[in-house]
Number of protein chains: 2
Amino acid sequence: MSGAETKEIILDTAERLFAERSFASVSLREITAAAGVNLAAVNYHFGSKDALLLAVFRRRATDLNRERITLLKEAEARAGDHPVPLREILAALLSPPIRWTRQRTSGLSVFIQFMARVRTDGTPEMRKLMDKDVGHIHRFVVPTFRTLPHLPKDEIYWRLHFTLALMHYTITDLGRLEAISGGLCDLDDTDALIERMIDFAVAGFGQPVQGGAALEVLEAVSG
Amino acid sequence: MSGAETKEIILDTAERLFAERSFASVSLREITAAAGVNLAAVNYHFGSKDALLLAVFRRRATDLNRERITLLKEAEARAGDHPVPLREILAALLSPPIRWTRQRTSGLSVFIQFMARVRTDGTPEMRKLMDKDVGHIHRFVVPTFRTLPHLPKDEIYWRLHFTLALMHYTITDLGRLEAISGGLCDLDDTDALIERMIDFAVAGFGQPVQGGAALEVLEAVSG
DNA sequence: ATATAATGCATACGCTCGCTTCAATCAATG
DNA sequence: CATTGATTGAAGCGAGCGTATGCATTATAT
């Protein structure tokens, strides 16, 4: 096995285990045993456990955001001079991570769960990783302002926050839905799942502002 | 200091630390040091670290669900023979944990974050705790079926899932919203926050079913 | 007041952790 | 084939972990 192959196997295994359990509860011995490599390989190739976590993150994070931005730019191109329909902005934001989650063959799937864990595992290493990801959201805030000019900006932030909630919770706790519904909900149709989620979010954006009606937004929302 | 006092202090401190960081990354030495008690006190009063986690959970979980059920029953009483307005069902489900989160003086606040961590910390101990909480949701599913008889049941499950997402994400990641919005959003007005969240969810419930319109639900939703 | 139980405290055990060391092995090069 | 640099393997280090033990201290009850 070449050195590069060893690195990849370690990254894959660590990504999977970190996605499943908390950073502190996964030991290097467990990772290396599952990966079939020597214990010392992690420190040789990555330097430390913390650095391994960072490497897992780095390997895929840029890909994900690139995919989102590509979708957003396509939507902007389609819109021309007009504001981008909200539905398409949200689709660019939500569909890549959801799709990644659900293509079971690829390592991208577990990476999304890994990301979700990073957001909730309160260790300092995790928080550092999280902060690297805040800036990308702003790229989606700006076109949303333009699409929904009648909504106060703080209201848009709130509703984007709730939209991210849908995504985040769906990624981490879809199994819970299966348990609650007794298997009634079809979790395998990814496209339908994304549509459902976007429908829900778009409806949330379309509601009038608290304390005052703003029905104009309904037009912009439906694009 | 009496034995009961010691137990309470340990529970408070453990609850806080477990809310902040992952179960595995918080050591008994850290807990007992922060609590100002002896290291052996945990094993004396609770038996083990796992048992301490369980005790933290037990102490408050019943209170939370009792409060939710009380609100739901009040809403049912007000409704009489009519279906309970969706808004009130969701308020009963969402407002207790959100209120608990935001009353900074009380330990209830950190307990909600503790619960949120339990849901995402993938350790086996945590999963056991999670499973204890599934059943309570069903109490809210049934009246929702009755209020929205035109919606397919799986659709209701989906939208309840999304609603729980709003709650969960808001509890865990409100700081993120503050960062993204640059402090624009007012996070201190709890009532307004709850209203916003319920508005968003009600709007999501009010949308027509995928592939077909069902405008009747709009009446039921607004109650 | 004295006996008895409950609790607090300091310490230590056994274990696993992340990390290091150093010799063995492999691959490529001259 | 010998040499060299990169990688792997096995063993072990000190530190921190959860837990157990033994004894001091305090509270309770007769």
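Buried means under 20% relative accessible area. By that cut-off B:Glu155 counts as buried, because its relative accessibility is 6%. The model is predicted. Over all chains, the structure holds 28 salt bridges. Some of these pairs are described below.

**Between chains**
- A:Arg196 and B:Glu155 form a salt bridge through their side chains, at 2.6 Å from N to O.
- This pair crosses between chains: A:Arg196 sits in helix H10 (residues 190–206) of chain A, and B:Glu155 sits in helix H9 (residues 153–181) of chain B.
- A:Arg196 is buried too, because its relative accessible area is 10%.

**Within chain B: a buried pair**
- The side chains of B:Glu15 and B:Arg59 form a salt bridge at 3.6 Å, N to O.
- The two residues are 44 residues apart and link distant parts of the chain, with B:Glu15 in helix H1 (residues 3–20) and B:Arg59 in helix H4 (residues 49–79) of chain B.
- Both B:Glu15 and B:Arg59 are buried.

**Within chain B: a partly exposed pair**
- B:Glu195 and B:Arg87 meet in a salt bridge between side chains, at 3.3 Å from N to O.
- B:Glu195 lies in helix H10 (residues 190–206) of chain B and B:Arg87 in helix H5 (residues 86–102) of chain B, so the pair ties together parts 108 residues apart in sequence.
- B:Glu195 is partly exposed, with a relative accessible area of 34%.
- B:Arg87 is partly exposed, with a relative accessible area of 30%.

**Network in chain A**
- Salt bridges with shared partners join A:Glu8, A:Asp12, A:Glu15, A:Arg59 and A:Arg60 into one network.

Notes. Residues are numbered from 1 along each chain as its sequence is written. Chains are lettered from A and ligands numbered from 1 in the order in which they are written. This is a predicted model: local features need pLDDT of at least 70, side-chain atom pairs count only at pLDDT 80 or more; totals for chains, interfaces and linings use all residues. Side-chain values use heavy atoms; hydrogens and water are left out. A salt bridge is a side-chain nitrogen of Lys or Arg within 4 Å of a carboxyl oxygen of Asp or Glu. Helices (H or I, at least four residues) and strands (E, at least two) are DSSP runs, numbered from the N terminus. Buried means under 20% relative accessible area, exposed over 50%, partly exposed in between (1.4 Å probe, protein chains only).
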